[in-house]
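Let's take a friendly walk through the charged pairs of this protein. Have the sequence and the model open as you read.

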Amino acid sequence: MKKFLCILIMIVTLLFPSNIYAKSVNNEKNYANVVFFTYFNGDLEGKKYMEDNYKTIMEYYNGSSETSVKNYLENISYNNFHLYNLFPQINDSTFIPIELSITEDDANNSNYDSIIISDVLKKYPNVSGTIDYDNDGIVDNLTIILRNKADNAGSNSSLVSHKSDYPGDNDITLSNKSLGTYNMLNTYSIRNTKSSVIIHEFMHSLGYPDLYNSNNDYPVFTWDIMGNVISPPPYSLAYLRSYFTNWLSIDEITKSGTITLNTQDNKDGNQAYIIKSPLNDYEFFVVEYRKKPTLFDKIDRSISNSGVIVYRINTTITGLSNKFGSYGVYVYRDNSFALNSTPSSAVYNTVFSKELGRTTVGNSDLNSKDKALLYSDGTNSGIVLSEIGSSSSNSITLNVSIPNKGDLDVWNELKYDDINKNSGYKVQTSIEMNNKIYVGSITNNKLYTTVYDNGNWSTISNGTNIVIGDVSPSTMEFKIINNKLYLIYGCWNKIGVYSLENNIWKKRAEYNYSTGYMSTEVINNELYIANMYDNNNAELLKYKDDNITKVTNYYSGSFVGDPKVLSINNKIYLMVRESSTKKIKIYEYSNNILKEINNDILVNSYDAKDLNNKIIIAGKNTGDIELYEFDGTNFKKKTETIPYNLPQLFKSQGNLYLRTIKDPTDIYSNDNVLMVYSLSDKVTMEGNNIASGVNADYSGVFSIGNRLYISYIKDDITHIKYKESNNSLLSLSITSPNKTTYTVGDNVDLTGLKVIANYTKNRKELSNNEYTITNFNTNKVGSYSATITYEGISNTFNYEVIEKVILNPLKSINLNKTSGTKYIGETENLTVIYNPSNTTDNKNVTWTSSNNNVASINNGVVTAKGIGNAIITAKVGSLTASYKITVIKHDNPVIVKANTLTYNGKEQELITVSNIKGNICYSYNPISSCSKNESIPKKINAGEYTVYYFVSGDNNYNSKSGSIKVNINKKSGSISYLNKSITKTQGDQAFTNVLTKTGDGIINYSSSDNKVATIDKNGKVTILSSGNTVIKAIVIDGENYFYNIKEASYTLTVNKKIINIPITSISLNKTSGTKYIGETENLVVSYNPSNTTDNKSITWTTSNSKVATINNGVVKVVGVGNAVITAKVMNKTATYNITVKKKENRPITYKYTYDSSKKIIFKLNNNININTFKNNLNYSSIIKSNNNILKDNDLIRTNMTITYTDDEGNVQIYNTSVLGDVNGDGNINALDYVKIKNHIMNTKKITGDVFILSADYNNDGKISALDYVRIKNYIMNGGK
């Protein structure tokens, strides 16, 4: 889910962090955090706590202190990260915490996160402000603070402060945004650590891992807020801030030199360096400078001292987390200077500076762990930091020493992701086969297998169920038999054998009697097993044909262990270690006879391997590991010893390797060191220490090419390392056997064959049972190369196989054919057949012909030369065989083909002739002879012709006659008229429309209407009357032309003859008129006679364009005066005289009384409706009362508004005054005379001209009692 900030930076691969340029980077990001305060169901005390303390908690988020959440992130990101905390419950200084539906006990015992979130978002489904700055549809971060009473939260419960991700398939939203990362925080943690726990959980939302674990060994502790939630909060380690959020970049150091570090608050400084040793591709160290401030409420106030810290980064750990056993981040600590031996004290004080007297870190001796910067497998990186300077300023210098890989013989980590890691008890084995590494492990009765091939690991047959009962295996081994991989395991009650078939493990056999301790050996491609079937007895078993059978018991006595089976000198040797006496009991088994080999070797632990027809024993008693050789007769103790423990021997490429554990009494302790020695020449240590703290029981050593590999288990995880072998097998030198030429079926002879194995440091001659020979046999004749292979290296020698010679005389011969007929010039291949076919006699053949003029013979090839017969004879020694040949003439091969022809007006050859043998003659009638060649016949006209021919033949070819039909096709013709339509007038002369014709077609003409026009046989048209007709020309195919389109036509239109009617005069619809400026007049011309054929175009003119203009008969008045408008058609004219006057404004009405200065119409009676009123106005007007337009049937009333536009274009507004309608409602009633009464009595004066005029009912110019009386009488008389 959502969403690790800047996780695009995590594209930087875990395995190889890139070389980044130093200093902070510009990577600004805005981020929202929505915070809610809650209390548990029914917890009124919790509600009160939230009400009393929410402001303090808000200060932890947004306060001015450097350690508030907002400022902390601004500081450690170098102002790249801007957190905006939103508190939706704070509104106008009011605050109401949210009551949850669950109790504190519920949250303490289980995870109720989804219910808590649901409760909160039901109260606040929407919030104001930006909550999704990157616009991905998901809330950047949600925080819910839970009130709890004590730090007693149950594991994995909601009450534990934690970060989590809301399920993506849930439809719950906040302001229509999905939920992603969220933090649950309890008030107990906040009260104790203030902003630190808030920062810790929020950093999880940004992708930062936990850097603590449950083992209390404090891998990081106070040096990172993710390692210990402490107040004030420390910086996050510089590498994590670079890796997870890209807030800074860090230089990578790979060579020795001097560096300067700056404090973490220096935006433009070098806050840290990556230091990488060539001894490990997946782990490196980081150094950074930490400065402890003097003021309390500052970042890093909680660290122990100022100075340099060193920490290891393991990129193979997912997310660099320390929480799940292995460490992604581990701060170096040296117990020698700790205040006490506790891990927390060691890491708390693990800081270096001149003031502290700690100026050196690391150890350049790769085989020493003392104060060394160790990798996670316990091996020394060889990195040394020295001359660490003073921490008194804001920078510190130090020297860095990094080993040069080219100068070292070291073991390198081969990246291997153990699919069976951290699974508890397991047994393991490994092997090389066909230049591939196979690693197998068994856990919980399941087999897991991985294969390394060409730099890549793959898994095969994982989780294969191994049925072994309730007890885990004690031992397991891979063996190769006939280039197939087998697994043999042993447990308390059985031994099992599996084979790998097409990458699937297949069960082959079980043996139900064992303690689980056994060893195996492949002898002559058969598998033998030395088995302890109880604690006091050992036996030899053999696996064959999917069965395990007992061969012999070879020991019975006191408690024993370490059974072995080996082979030298074609004999089997069996071994066990007798616990009571410490003796190695050795037995020879040959020809079903068991014989004990006496020896005085005493050991507590041992191993043995056969090599070069010798048994090598590595045994440890009470002192060093001692080495012994046994050649089948004598024991020889080597002078060299190895002062370590738990010897284990491995063979690879003809070399012998001893794996040991350095010293400690407890071979499983974290201090033990895994080492490998080469024993092939002299005892030589292979490289540096391999690892420490390993499980020494299940390791393996093998080679591929010039690389030596070792596998081992550490912390229940399989590791594989490799190095260049000190004595690699380079090649094989071969001296061929004395005999290299054989006849088919001979036995091969290896006498004289010598095979030398060439190693880096020595050469060794191999015995014939140490290598394999392939492709060395005499089954078939030919030249071959035999291949010798030893430990994956091959070479060849050449040999030859020939046939055996046996005399076999020739008895008779035959030819493949006895007779045949051939044409002159043909050939025949004759082959001699010998009887017997494998005769050893001379097979030379002599050929002869009885008539060379008919047929000749040359090396079995017969050539027919002339007509007749001949006998061809083959002779071998005294034996003969013959072939009779008859030679005849060929058929004449003449080829006659009809030409494809089309009429072109010229003579054309009718046929094409080729391959003529003799003379050829032609005729249009049958022909039977020809004495000399004739020309090919030709024709001009179209038609079908039959050509007869005769070929005379010659000495080799017969004559031939025949006939062939030939067509000369007609050519395509066409006809077309020049004009597709023609217009004529009645009375016009006869005419011809040009007709174009190609070819010899015959034309016939026609007219569709002979009353309009006729056409003669020559295409001449005669006009008869007006109208339309279609003239057609129809063509008939000729002798040499055909026509796809057989007609051409055109349309003839004949118009009537036109009679001219001239114009005699014209007139206008008006001759004079008077107009006002702006008006128009339409003038229309009339023609006399009306049916004139003359041009009727009119030319308009004005005598004074300042008075009037004319356009297409429309007169427009523009000024005062007189003008004459003239219309002219041809030479005829007509005029219109216009007089133009200036408009004067008309009064609003000629009927009613009005005052133009006051804009009032008054003295109106109240019984006039609107329609009548409008009709007595001089202008179209809009009439309203109280801003509403009145209808036509409404009565007029006082204070109506009349709006109109006058003659000069000005808008005018008049009001009305109706006699007696004093209140303006359109009626005369008691309300009106009451208003007059109040006016007279000075109770309330009438104001406004329209209302004063309406109250002056008697029109005497004043409002008096007379007006009051008259209105009252009007009302009482029913409106009269």
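Buried means under 20% relative accessible area, exposed over 50%, and partly exposed in between (1.4 Å probe, protein chains only). This is a predicted model, in which local features need pLDDT of at least 70 and side-chain atom pairs count only at pLDDT 80 or more, while totals for chains, interfaces and linings use all residues. Residues are numbered from 1 along each chain as its sequence is written, and side-chain values use heavy atoms, leaving out hydrogens and water.

The chain has a mean pLDDT (the predictor's confidence in each residue, from 0 to 100) of 88, and 94% of its residues reach 70 or more. Residues 336-341 stay under 50. Where pLDDT is low, the predicted coordinates should not be read in detail.

The structure holds 37 salt bridges, each a side-chain nitrogen of Lys or Arg within 4 Å of a carboxyl oxygen of Asp or Glu.

| Asp210 | Lys323 | 3.5 Å |

Asp210 is buried at 9% relative accessibility, whereas Lys323 is partly exposed at 39%.

Which residues join Arg508 in a network of salt bridges? Lys484, Glu501 and Asp546 are linked with Arg508 there.

Methods
Contact = heavy atoms within 4.5 Å.
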